[in-house]
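The sequence and structure are shown first.

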Amino acid sequence: MIEEGKDENEYIQHGETSMEVVKQEKQDEADKEDIKTGSYRRESTMVAACKDSGAENIIIPDGFPKQLDTRVLPYTIKIWKDKVTARYIGAGNHSEDHGSVRTDLHVPMAESVYYFEVCIKNAGKKGNIAIGFSTAEFDLSKQVGTHARSWGYRCDNGQKYACGSKVTLMADKSTHTPLKANDVIGCGFNAHTMSIFYTRNGCFIENALQELRGGMLLYPTISLHSPDEVSLRKGGGGR
């Protein structure tokens, strides 16, 4: 299934990689060693992303996640050649028929606060899109947050999840408007409070949980679930 106006050649093939990913794999091993010795830094040095311009105008610092990972994809997801746009191509017939995609790089270990956004180009038939973080062990055929090794926010009902458990907050009882095209959903974490937070169209929702463990390698993650859903990752940064 190809979006109208998109040529098959504009989709990336599974397994494509880059030198930056190869370099990061080597850095991952060093990061894991730093975790064991406790020598990694909690404080960050700089910068954030420009959140009110188009994705093509955002300058993301080296070492930060810049594109979606094309090496590991469920069959329900296709990524365009820009490597920041993902589309759901599955049937979406049952509650577990999800497809998730993560960034090629994890969030730098040095960041004390990190934040990224996703622009919804097409909310699809159900608008069941989720955004959050996952580790490298997370099953990409599942929805982020609703399964182990992941934390996520469901955009269709406003529910937050942590490794398969619902996170009950007062905000969940408020009226939640359906997801629509051009909505911008944000997600971030604060290493000082060990919490994850979410935003919608620039409005802070609230801290969702305080269950993160120090030293985890987290990847920004997007989950899609119904035909025609398309999301565009807008980049991110930390400080």
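A charge sits over a ring if NZ of Lys or CZ of Arg is within 6 Å of the ring centre and within 35 degrees of the ring normal. In this predicted model, Arg102 lies over the face of Tyr219, at 5.3 Å from the ring centre.

The model is predicted, so local features need pLDDT of at least 70 and side-chain atom pairs pLDDT 80 or more, while totals for chains, interfaces and linings use all residues. Residues are numbered from 1 along each chain as its sequence is written, and side-chain values use heavy atoms, without hydrogens and water.

Rings of Phe, Tyr and Trp (its six-membered ring) pair if their centres lie within 6.5 Å; planes under 30 degrees apart are stacked, over 60 edge-to-face and the rest tilted. The count comes to 8 aromatic pairs. Phe133 and Phe189 form an edge-to-face pair because their planes stand at 80 degrees, with ring centres 5.7 Å apart. These residues are 56 apart in the chain, Phe133 in strand β5 (residues 130-134) and Phe189 in strand β9 (residues 184-190); strands are DSSP runs of E, at least two residues, numbered from the N terminus. Ring pairs also join Phe64, Tyr114 and Phe116 with Phe133 and Phe189 in a cluster.

Buried means under 20% relative accessible area (1.4 Å probe, protein chains only).

| Residue | Relative accessible area | Class |
|---|---|---|
| Phe133 | 0% | buried |
| Phe189 | 8% | buried |
| Ser223 | 0% | buried |

Ser223 lies in strand β12 (residues 219-224). Its side chain reaches the backbone nitrogen of Val144 at 2.8 Å.

Definitions and conventions. Helix = DSSP H or I, 4+ residues; strand = E, 2+ residues; numbered from the N terminus. Buried < 20%, exposed > 50% of the residue type's maximum accessible area, 1.4 Å probe, protein only. Polar contact = N/O pair within 3.5 Å; in protein donor to acceptor, adjacent residues only side chain to side chain.
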